[in-house]
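The following exercises concern the contact between two chains. Each task is followed by a solution in steps.

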2 protein chains.
Amino acid sequence: MSTYKQIIYTTTPDPAINPSLTNGTFSIKTVPKPTNVPADQLLVRTHYLSLDPAMRQWLTAKRSYIAPVELGAVMRGQGIAQIITVGADLTSKFTPGDWVVAYSGWQEYAVLGAKEVEKVVLPPGGRPTDAMSVLGMTGLTAYFGMTEVGFPKAGETVVVSGAAGATGMVAGQIAKIKGAKRVVGLAGSKDKCEFLVKELGFDVAINYKDADWKKQLKEATPEYIDVFFDNTGGEILDACLARAARDSRFVICGAISQYNSAKPQGPTSFMTVISQRVTMKGFIVFDYAKKYGTALQELASWLSQGKLKRKEHIVPGGIEGAPQALVDLYKGVNTGKMMVEVAPVSEAIKAKL
Amino acid sequence: MSTYKQIIYTTTPDPAINPSLTNGTFSIKTVPKPTNVPADQLLVRTHYLSLDPAMRQWLTAKRSYIAPVELGAVMRGQGIAQIITVGADLTSKFTPGDWVVAYSGWQEYAVLGAKEVEKVVLPPGGRPTDAMSVLGMTGLTAYFGMTEVGFPKAGETVVVSGAAGATGMVAGQIAKIKGAKRVVGLAGSKDKCEFLVKELGFDVAINYKDADWKKQLKEATPEYIDVFFDNTGGEILDACLARAARDSRFVICGAISQYNSAKPQGPTSFMTVISQRVTMKGFIVFDYAKKYGTALQELASWLSQGKLKRKEHIVPGGIEGAPQALVDLYKGVNTGKMMVEVAPVSEAIKAKL
């Protein structure tokens, strides 16, 4: 009998995720592959899994924007999958071989309803993995956070933290497209900083691991910060608050530096919120679902025109690598969208990746 | 030769204000009373001085919304004063005996230009001191913070910290006027809490010095908090963030609990900002100057109709008491607007106070 692997959420992290599959946060389970697919369902095979900073929050039983993953369940996650078998009632809509994006979870195969999947529609020059990054949740998060919450105006200074991450790199590029005078990225290595400036057109990139990064930040923001797109929280948020311009907008997208702390740190330069009339606003991309269509069109057009560049960090070796990849995401090993290759794709597809 | 007293800012607080006039933050100075008033100036005598939480910030040489007071200068502050002498060019506009409100500083007399004073215009039932509280900066701060930043909608839950303070008590009453379903006040004593509920119509008031105040806050906000009007910051802001409703507005008006700390504490339940899409917005009342007129009309009409109640805490004994009154303000000894009586007023005026 044919089987496939699932990664099960097994032990609550306390507070850090332990990537071991024998005595860690997750465990591996082998289950039989379904032989019959119900008429209203699809059997899909996952090729790429998305690793997202928000995942750590999904493992915490706190009031949040989404219910936590239950212990014993397959780990939640988005994937790019190919349809293997189409249920009898769905043959007019789907064909084996179609690429879909879905919250199919950390498993090699999944049986899903038609509403649970979204067909991947690629623009000229697009790749299937784009549907999970620049033309997927990551790109949309950057898009709405920047255009609706931060809305940089011509001539303004924009700072992005986690700038070499999947969302940050798109956010910074959108700021530039929208006419920001100066886009400054904060990232965790010299290579990432070089990439941001040389490949993506950031005006300045600062390695927050440099001893004098705060001084560099000050020098890079002579007219203070009008828009701060924050993916990291903690000390970086604090330093940027201290540089907030009057009437600035602080887009609170994520706080990756704090997700694994038992006692998260809030901003201490909080008084600036009053004196500079700062608006700090948290947001969740799901709230903008009605506008996804137009946003994706705009992102795709920027991508086709070369105004927007993307980058992926793909971890090969199968689904077993997902827990370690997640830990590595919090360590910031990736430049660009972090994914796990669950199943290799054909050479023809690979050529496009 | 006739003289008068000034309170001079002498030593930077480190970090707390020392109220001693011999070796503290301020010192006293006796200066000659002007005998000639220039043609374009007014000589005024201060009767009441306003004590405001923001004053501590004015003593810190940090980037803020207003320049710090310089060492050696008369302490900045707003007062209610009566005109004694009118310069020759101003006799068509002012008459000795007129009441004015002005940033005349901590001194018994001041010589001011016409643009530096604002004549007190009282509605039916108004008192001169109202011009410095419910119909002055305090009332305006509550008004704009609540109506423009918090904007509670009918049926919503509003929480106000520092609710027995001059701004807080007006803010809570405005929330009720604007149709909030439930207005909860946080204050520092049983008496203050009773006052808020019995006199001002708050639905619930919680003494944050009670051991179980967080539990009380949770019980008082079964549908979470839609608008939080914050005057205190610190632990109270944190506890309210943990109770933030989706799409809630956190009006950051002040952070009195933090002004005297060497290392201010920011919110640690900051993750809720993202998960509940909280908007935290700092504001300064001065930004709404163009709308003061209509705001004062509305406040005056609520006051006349008895919808809005005010309360003052007047410290008698002259200007020497100002430093101690300021320290007491941070300790929360006052219910309502804290003022120092610099010079007694006539019995006829007193009857209206």
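**Exercise 1.** What area is buried between chain A and chain B, and what percentage of this area do carbon and sulfur atoms give?

*Solution.* The structure is a predicted model. About 3,000 Å² is buried between chain A and chain B, and carbon and sulfur atoms give 57% of this area. On the side of chain A, the residues that lose the most area to chain B are A:Arg63, A:Met271 and A:Ile274; together they account for 25% of what that side buries. In terms of contacts, 39 residues of chain A meet 39 residues of chain B.

**Exercise 2.** Determine the polar links across the interface.

*Solution.* Begin with the salt bridges: four are found between chain A and chain B. One of them joins the side chains of A:Arg277 and B:Asp287, with an N to O distance of 2.6 Å. Next, count the polar contacts, which comprise 15 residue pairs between the two chains.

**Exercise 3.** Which elements of chain A give two or more residues to the side that touches chain B?

*Solution.* These elements are helix H6 (234–241), strand S12 (244–252), helix H7 (271–275) and strand S13 (279–282) of chain A. H7(A) gives the most, with five residues. Sorted by class, this side of chain A has 21 nonpolar, 12 polar and six charged residues.

**Exercise 4.** In which sense do S13(A) and S13(B) pair, and over how many bridges?

*Solution.* The two strands pair in the antiparallel sense over three bridges; strand S13 of chain B covers residues 279–282.

Technical notes. Residues are numbered from 1 along each chain as its sequence is written. Chains are lettered from A and ligands numbered from 1 in the order in which they are written. This is a predicted model: local features need pLDDT of at least 70, side-chain atom pairs count only at pLDDT 80 or more; totals for chains, interfaces and linings use all residues. Side-chain values use heavy atoms; hydrogens and water are left out. Contact means heavy atoms within 4.5 Å. Buried area is the accessible area (1.4 Å probe) that two parts lose on being put together, summed over both. A polar contact is a pair of N or O atoms within 3.5 Å; within protein, one must be able to donate a hydrogen and the other to accept it, and residues adjacent in sequence count only if both atoms are side-chain atoms. Helices (H or I, at least four residues) and strands (E, at least two) are DSSP runs, numbered from the N terminus. Ala, Val, Leu, Ile, Met, Phe, Trp, Tyr, Cys and Pro count as nonpolar, Asp, Glu, Lys and Arg as charged, and the others, Gly among them, as polar. Two strands pair if DSSP finds at least two bridges between them.
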